[in-house]
Amino acid sequence: MEPITIKATKSSPFIHVDPAAHLIQIMGESYPENAAKFYGPILSSINEYLNSSGASRITVDMHLTYFNSSSSKALLNFLEILDKTVSQSKDIVVNWCYHPDNETIFEAGEEFRDEFPSLTFNFIERSSEVFMA
Amino acid sequence: MIRFNVHEFYVDLSGKGIIFCFSGPISQDVIEGIGGTLKQKMEIEDTDLNTSQKVFSIFVEQMQNIVNYSADRVIPEDRQEGEIRIGILIVGKEDGHFYVLCGNKISQENAETIRPQLETLTRMNKDEMKQLYRERRKMAVHTDEKGTGLGFIDIARKATGPIEFDFLPLDGDFVFFTIKAVI
């Protein structure tokens, strides 16, 4: 499968799927006008990638600085897809990156972790909040 | 004469601690533009990151509610993207706290759905809101519809005190809905 890159906009994150590196990255802010429409196609591609990948371990970097409530639903769907993959004997490591002063994002990560006990969550402090791809 | 009135309005707004006041058509572009400036202003004033995140977050949820539910529209109903709907936004500061207030016209039917939800939220503590948010998030169906019904819970969770709201009956089957959250 070819790598997928979605560029960031003011209200949607940078998304990168790198099959060679067994890596998925989601970074930036997320409050698109229609989160279901924005995330729908990319989540299908990610699902396809996960099902076809022979990797035993996949790393997921999530460095979101803000997301709205409907993006939160989309991210839950994303983690659900990852969770299903774990049951296919793949290890998934989620690196949840947060700014040390941003409690909201840290707590949101904890809430996601609590929903999916089979995913490994690492909480990583990152001071820089700038991305552009 | 015009200049005098505008100045009076301007002085009146700043005297009331109003930082932003926007009334008119609201689109995703307006949300991104005002939101960006709002964040910039809070950053310049060294507002702590937790506070500015909450202000921004409540601002986005309230504005997107207008875009999703305002009964005042500029373009026909059948368009899914780039919709422009009318509402009013006020961001201000009172007693050292930021607040975000939005108002827009909604249908009577919509008001009857929203009111009990908001009333329930005002009786809940933060832990109960968190549970409700997580339950609703799991249940919510992400179709092509824009809203997930999580917005009000998110606003209530991020607000400092209980959210305030009002439903003012208008002519016909409409209600003017106002919501205010203090951060």
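**Conventions.** I number residues from 1 along each chain as its sequence is written, and chains are lettered from A in the order in which they are written. For this predicted model, local features need pLDDT of at least 70 and side-chain atom pairs count only at pLDDT 80 or more, while totals for chains, interfaces and linings use all residues.

**Confidence.** I looked up pLDDT, the predictor's confidence in each residue from 0 to 100. Chain A has a mean of 92, with 95% of its residues at 70 or more.

**Contact of the chains.** I counted residues as in contact if their C-beta atoms, placed from the backbone, lie within 7 Å. Chain B gives 26 residues and chain A gives 22 residues. On the side of chain B, helices H2 (28-44), H3 (49-69), H5 (126-139) and H6 (151-158) each give two or more. H3(B) supplies the largest share, 9 residues.

**A:Ser127.** I found A:Ser127 in the segment after strand S6 (120-125) of chain A. A:Ser127 counts as exposed (12 or fewer other C-beta atoms within 10 Å) because it has 7 such neighbours. Beyond four places in sequence, A:Ser127 contacts A:His99 and A:Pro100. The C-alpha atoms of A:Ser127 and A:Pro100 are 6.7 Å apart, with the two residues 27 residues apart along the chain.

Conventions: Two residues are in contact if their C-beta atoms, placed from the backbone, lie within 7 Å. Helices (H or I, at least four residues) and strands (E, at least two) are DSSP runs, numbered from the N terminus. A residue is buried if 20 or more other C-beta atoms lie within 10 Å of its own, exposed if 12 or fewer, and partly exposed in between; C-beta atoms are placed from the backbone.
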